[in-house]
Amino acid sequence: MTDRNDLERVAGAALRRRAFTNRGMLPPTHLADMGRELVGLLLDPQENLDHPAARMVARGLSFVSAQEAGLAVQQAALDAADLPMLAQVSGRMATLIAAWHKAELDGLRREQEDLREAVVRALAEQREESDRQRLAAERSQQEQDRLAALVTELSAPVIPLYDGILVLPLIGSIDTRRAQDVMENVLESISRHQADSLIIDITGVAMVDTGVVQHLLQTARAVGLLGATVVLVGINPEIAQTITQLGLVITEIITLGTLQEGIVYALRRRGLSVQAITAASAAAARQGTARLSLWR
Amino acid sequence: MDIDTTKPNGGRIYDYYLGGNHNFEVDRTTAEQLSKILPSIKAGALLNRWFMHDAVQRLVDARFDCYLDLATGLPTEGYIHDLAPDARILYNDIDPVTIAYGRSIVGETSNIQFVQSNIADIDAILAAADAHFGGQRRIAISFIGASYFIDTETLRGVLDALYAWCAPGSQIAMSWLIGDVNGFAQSQVAAIYRQMRSPVYGLSMAAAQEMLARWDLLSPGLIELNRWNGVDDEWRTPSETGLEKEPLDLYGMIAVRP
Ligand SMILES: C[S@@+](CC[C@H](N)C(=O)[O-])C[C@H]1O[C@@H](n2cnc3c(N)ncnc32)[C@H](O)[C@@H]1O
């Protein structure tokens, strides 16, 4: 079984490996505490991950190091063949990532606002009004461009779950431009991680229409060209209905109900057997296999 | 004073390395270019700032209520006034732009003042300290991330002046670049800093110890900043270290004026 203290140690060690990605206000001597908090976020009942994520961002923890710790905890769960925990941690990581990005953006906006005020005040000491406005306008344009770029890069995180297995949690609405970004990001990640499975989790997608399905199919085809397989999870009944009503038939993508089932499937494809050592995880694993439906 | 936001600024570049957002496109671009030439520059900035946290926290725990900070840079989140919110603090920098931003970021209150001055002109800084601290001379001094921008003779003079001025029981936290000075002088890194017109001066361990001879070092002594911060031995990238050991390393210490 996975011991809580061990997990906290594992998370703390992972944070320390990525210490240099954290900000100046977070000395590595604080990382053991952070590791404990992060494990709490991943394992304990939580109402809302937004606030704790925002707090950690404010304290200087980088997304990269948080992700490293999340992966380490997932690995520990996998080593212990604790499938329910693996699924819970992966799910939480996906939610946490979304909360994280929001908090980072908020922080960026706030600090850039501070800086803008600082510049304006400093300039006021010595420059004419007209000069000041011209510069402020240029600055704010640059900041907007940077924000836009950041939003794009943050909106499609591809998470390595395990050797060769990537998860892409899609959240919010998807338009053509975003789909394009997602696709590029995905293809780049697949070749970088030499992945053979990509699990796309659409639990968080607000609306599915023909366009979205079209994009997913396109992505699946491109992924196939790289020798990897797409597994689509998180299709709720309404979405399933929409897909049917639209007269769309998904023949090229393997679809499964939940992220957990997706993980089981991807692991089996790698020839990895998950040795369930608790009754609960054994049942979950059996169920996963039973509901495995290939729409081919 | 020339506040030109189209020119890169040292304080804002440093902030970028620390993961801050108090910087502009021109600063970020320059920072990235610098990082390409000197890959360890970001890690070095972090090591210094983390050390500052730890050291200042120890000064706060020792209940100092006056802080003189030499070469402040941008006092962004988590800087001394955050760690010691009720203290009287005198910030210093040579760069007027950095001072102007600093004033604006923290606001100049009766507790926090700024003095724009070259550290070499330590007498002017100490006069400002006397004015701000109301004559209190048993104080905490932080001199972090800057000693190596000052030539050896001047640095010795600054430390001696601080020693003569401050009252017994005062403490100083400081970071250094220490190691094989001759090896460094011939290195490419040294040449790059010289080209940037901001030469870097390393010290031999013996020279640093001699400068500190009159002060009482507190535990854990004068040690490498990566050890102080409990991170990897090898904080530089392989491309920079090559096969040989880097001639200089960052060190930190806290000492008491007996
Ligand atoms: C590395 S940054 C400051 C680091 C900051 N003390 C910290 O611990 O994070 C160095 C600052 O030293 C300032 N500086 C460099 N030479 C100086 C000098 N001779 N006198 C005063 N300030 C100097 C620079 O303008 C820059 O803002």
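Q: Which residues in helix 6 of chain B meet which residues in helix 7 of chain B?
A: In this predicted model, Ile122(B), Leu126(B), Ala129(B) and Asp130(B) of helix 6 of chain B meet Val158(B), Ala161(B), Leu162(B) and Trp165(B) of helix 7 of chain B. By class, seven of the residues of this contact are nonpolar, none is polar and one is charged.

Q: Why are helix 6 of chain B and helix 7 of chain B called roughly parallel to each other?
A: The axes of helix 6 (residues 122-133) of chain B and helix 7 (residues 152-165) of chain B cross at roughly 30° and come within 10 Å. Angles under 35 degrees count as roughly parallel. Helix 6 of chain B and helix 7 of chain B are therefore roughly parallel. Their crossing is right-handed.

Q: What makes helix 2 of chain A and helix 3 of chain A roughly antiparallel to each other?
A: The axes of helix 2 (residues 31-43) of chain A and helix 3 (residues 50-58) of chain A cross at roughly 160° and come within 11 Å. An angle over 145 degrees counts as roughly antiparallel, and the two helices are therefore placed in that class. Met34(A), Glu37(A), Leu38(A) and Leu41(A) of helix 2 of chain A make the contact with Pro52(A), Arg55(A) and Met56(A) of helix 3 of chain A. These residues divide into five nonpolar, no polar and two charged. The crossing of helix 2 of chain A with helix 3 of chain A is left-handed.

Q: Why is helix 2 of chain A called oblique to helix 4 of chain A?
A: Helix 2 of chain A packs against helix 4 (residues 63-79) of chain A at an angle of about 60°, and the axes are 11 Å apart. Roughly parallel needs an angle under 35 degrees, roughly perpendicular needs 65 to 115, and roughly antiparallel needs one over 145. The rest count as oblique, so helix 2 of chain A is oblique to helix 4 of chain A. The two helices meet through Leu38(A), Val39(A) and Leu42(A) of helix 2 of chain A and Ala66(A), Ala69(A), Gly70(A) and Val73(A) of helix 4 of chain A. Six residues of this contact are nonpolar, one is polar and none is charged.

Note on methods: Residues are numbered from 1 along each chain as its sequence is written. Chains are lettered from A and ligands numbered from 1 in the order in which they are written. This is a predicted model: local features need pLDDT of at least 70, side-chain atom pairs count only at pLDDT 80 or more; totals for chains, interfaces and linings use all residues. Side-chain values use heavy atoms; hydrogens and water are left out. Axes are lines fitted to C-alpha atoms, for helices over the stretch in contact, and angles run from 0 to 180 degrees between N-to-C directions. Helices (H or I, at least four residues) and strands (E, at least two) are DSSP runs, numbered from the N terminus. Contact means heavy atoms within 4.5 Å. Ala, Val, Leu, Ile, Met, Phe, Trp, Tyr, Cys and Pro count as nonpolar, Asp, Glu, Lys and Arg as charged, and the others, Gly among them, as polar. A crossing is left-handed if the near helix is turned anticlockwise from the far one by less than a right angle, and right-handed if clockwise.
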